[in-house]
Amino acid sequence: MIDYGKILNPTVQAIKPSGIRKFFDIAATMDDVISLGVGEPDFQTPWQIRKAGINSLERGKTKYTSNSGIIELRREISRYMERKYNVCYNDEHEVLITVGGSEAIDGAIRALVSPGDEVIIPQPSYVCYEPVTLLAGGTPVILETKAENDFKITPEELKSLITDKTKVLILPYPCNPTGAIMEREDLEAIAKVLRDTNIIIISDEIYSELTFGGKSHVSIASIDGMWERTITVNGFSKSFSMTGWRLGFACGPEPLMTQITKIHQFAIMCAPTTSQYAAIEALRNGDEAVGEMVKEYDRRRRLMVNGFNKIGLTCREPKGAFYAFPCIKSTGLTSEEFCEQLLLEQKVALVPGTAFGESGEGFIRASYCYSNEHIIKALSRVEEFLKKFK
């Protein structure tokens with residue numbers, strides 16, 4: 001008999017599976033479950049974008065593209081980044097098309113991190129940063145963001161974690177799961193800490209279009225002295241409702257992007273051709289559709305936040321992404337206990353805050369990528385569940 005435990009990479013074996021999946025696996029075995037757990041837009045990809053993909057197939061555009069991606073798409077990304085976020089990139093050497101934003105994050109970390117290097121990761125945050133760092137041989141250094149600071153990074157917290165081994169800072173804003181954003185003054189304070197270091201920022205801006213309350217996203221690459229030390233990751237899944245198209249991109253200084261592109265070249269070859277042609281249309285003519293989706297998310301956001309506060313779960317106002325992050329400490333349950341009992345008793349699927357790091361204890365993530373009717377029904381069941389704690 002083969003002892004697979006001795007054959008498999010011990011680092012991979014030690015990594016825990018995504019905490020998000022556990023409750024969906026349970027929910028899949030049950031009837032009449034209402035989920036507020038999936039971070040996927042419920043909108044169809046806008047028709048003109050789908051049509052562009054279809055047209056590319058009809059025209060026989062089914063071959064490999066260059067490793068970096070179709071040059072027309074890279075040009076549109078350069079224009080998009082300049083007009084939206086006031087940052088400029090050379091489309092030939094400083095833009096790479098990837099298979100979703102996740103591949104861009106993985107490639108950036110692998111290109112930068114050597115065994116023993118430290119990567120500062122704010123948490124609660126998206127689930128991939130820590131395991132990808134471990135797979136690269138790096139050491140995750142967790143920066144626990146706090147509710148009283150609206151889950152933002154403070155310069156004092158950042159400075160306290162920097163050592164001579166620090167190689168990378170992950171900047172995950174707008175943030176999944178907290179809905180936090182970093183405004184210009186917040187980023188300028190962070191920039192002041194980093195300017196005299198060799199630390200590189202991987203800025204995950206996949207939710208950059210989804211900000212609310214009149215607050216537009218600011219890219220840290222637009223802050224003085226930060227462009228040369230920032231790899232910006234973005235994509236089409238969230239803003240353009242193109243999750244299944246699997247398309248993202250990374251932008252940054254040529255010396256960094258050259259190495260990331262090598263990893264992409266050998267691991268992936270190129271991103272899906274059909275998706276790239278659809279993305280060209282998204283960037284050229286998708287602003288109106290995105291604006292309509294953002295308006296609807298904003299309505300749902302207010303419905304959900306007001307709803308949680310009304311039924312007794314304190315919920316800060318999320319200013320970005322499409323998640324609420326209510327506090328459940330008043331129940332006396334852990335995040336996992338709350339979500340498991342809620343699912344079994346009321347058939348509502350939510351995600352425990354600890355799926356996004358231990359600092360998420362005492363919170364749950366709820367997505368408002370659902371209809372008003374769906375949200376209202378779920379909140380009603382949560383309210384019923386909470387009665388046993390009064």
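Helices α5 and α11 are roughly parallel to each other, because their packing angle of about 30° falls under the 35 degrees set for that class. The model is a predicted one.

## Helix α11 and its two partners

Helix α5 covers residues 71-85. Helix α11 covers residues 273-285. The axes of this pair lie 9 Å apart. Their crossing is left-handed. From α5, the contact draws on Glu72, Leu73, Glu76, Ile77, Tyr80 and Arg83. From α11, Gln276, Ala279, Ile280, Leu283 and Arg284 meet them. By class, the contact of α5 with α11 holds six nonpolar, one polar and four charged residues.

Helix α11 also packs with α4, a helix of residues 47-58. Here the axes come within 8 Å and cross at roughly 140°. The crossing of α4 and α11 is right-handed. On the α4 side, the contact is made by Gln48, Ile49, Ala52, Gly53, Ser56 and Leu57. On the α11 side, Thr274, Tyr277, Ala278, Glu281, Ala282 and Asn285 take part. The contact of α4 with α11 divides into six nonpolar, five polar and one charged.

## Lysine 84

Lysine 84 sits in helix α5. Is its surface buried or partly exposed? Lysine 84 counts as partly exposed, because its relative accessibility is 30%. Leaving aside neighbours within four places in sequence, lysine 84 is in contact with Glu209 and Asp287. With glutamate 209 there is a polar contact, side chain to side chain, at 3.4 Å. Proline 326 lies 242 residues from lysine 84 in sequence. In space, the C-alpha atoms of lysine 84 and proline 326 are 31 Å apart.

## Threonine 243

Threonine 243 belongs to the loop between β7 (230-235) and β8 (248-251). Threonine 243 counts as buried because its relative accessibility, 19%, is under the 20% cut-off. Beyond the neighbours within four places in sequence, threonine 243 is in contact with Glu40, Pro41 and Ser237. The side chains of threonine 243 and glutamate 40 make a polar contact at 2.5 Å. Aspartate 164 is 79 residues from threonine 243 along the chain. Their C-alpha atoms are separated by 38 Å.

## Serine 335

Serine 335 lies in helix α13, which spans residues 335-346. With 0% relative accessibility, serine 335 counts as buried. What does the side chain of serine 335 have 2.9 Å from one of its polar atoms? The backbone nitrogen of glycine 362 lies at that distance. Glycine 362 is also listed among the contacts of serine 335 that leave aside neighbours within four places in sequence.

## Backbone geometry in the loops

Most residues other than glycine have a negative phi, and most peptide bonds are trans. The table collects departures from these two patterns.

| Site | Feature | Value |
|---|---|---|
| Gln123 to Pro124 | cis peptide bond | omega near 5° |
| Asn176 to Pro177 | cis peptide bond | omega about 25° |
| Asp150 | positive phi | about 55° |
| Phe151 | positive phi | about 60° |

Proline 124 is placed in the loop between β3 (118-123) and α7 (129-135). Glutamine 123 and proline 124 are joined by a cis bond. Proline 177 is in the loop between β5 (166-171) and α9 (184-194). Its cis bond comes from asparagine 176.

Which loop holds aspartate 150? Aspartate 150 is found between β4 (139-144) and α8 (155-161). The loop between β4 and α8 also holds phenylalanine 151. Aspartate 150 has a positive phi although it is not a glycine. Phenylalanine 151 has a positive phi too, and is not a glycine either. Aspartate 150 is partly exposed, because its relative accessible area is 36%. Phenylalanine 151, at 5% relative accessibility, counts as buried.

How values were computed
Residues are numbered from 1 along each chain as its sequence is written. This is a predicted model: local features need pLDDT of at least 70, side-chain atom pairs count only at pLDDT 80 or more; totals for chains, interfaces and linings use all residues. Side-chain values use heavy atoms; hydrogens and water are left out. Helices (H or I, at least four residues) and strands (E, at least two) are DSSP runs, numbered from the N terminus. Buried means under 20% relative accessible area, exposed over 50%, partly exposed in between (1.4 Å probe, protein chains only). Contact means heavy atoms within 4.5 Å. A polar contact is a pair of N or O atoms within 3.5 Å; within protein, one must be able to donate a hydrogen and the other to accept it, and residues adjacent in sequence count only if both atoms are side-chain atoms. Axes are lines fitted to C-alpha atoms, for helices over the stretch in contact, and angles run from 0 to 180 degrees between N-to-C directions. Angles under 35 degrees count as roughly parallel, over 145 as roughly antiparallel, 65 to 115 as roughly perpendicular and the rest as oblique. A crossing is left-handed if the near helix is turned anticlockwise from the far one by less than a right angle, and right-handed if clockwise. Ala, Val, Leu, Ile, Met, Phe, Trp, Tyr, Cys and Pro count as nonpolar, Asp, Glu, Lys and Arg as charged, and the others, Gly among them, as polar.
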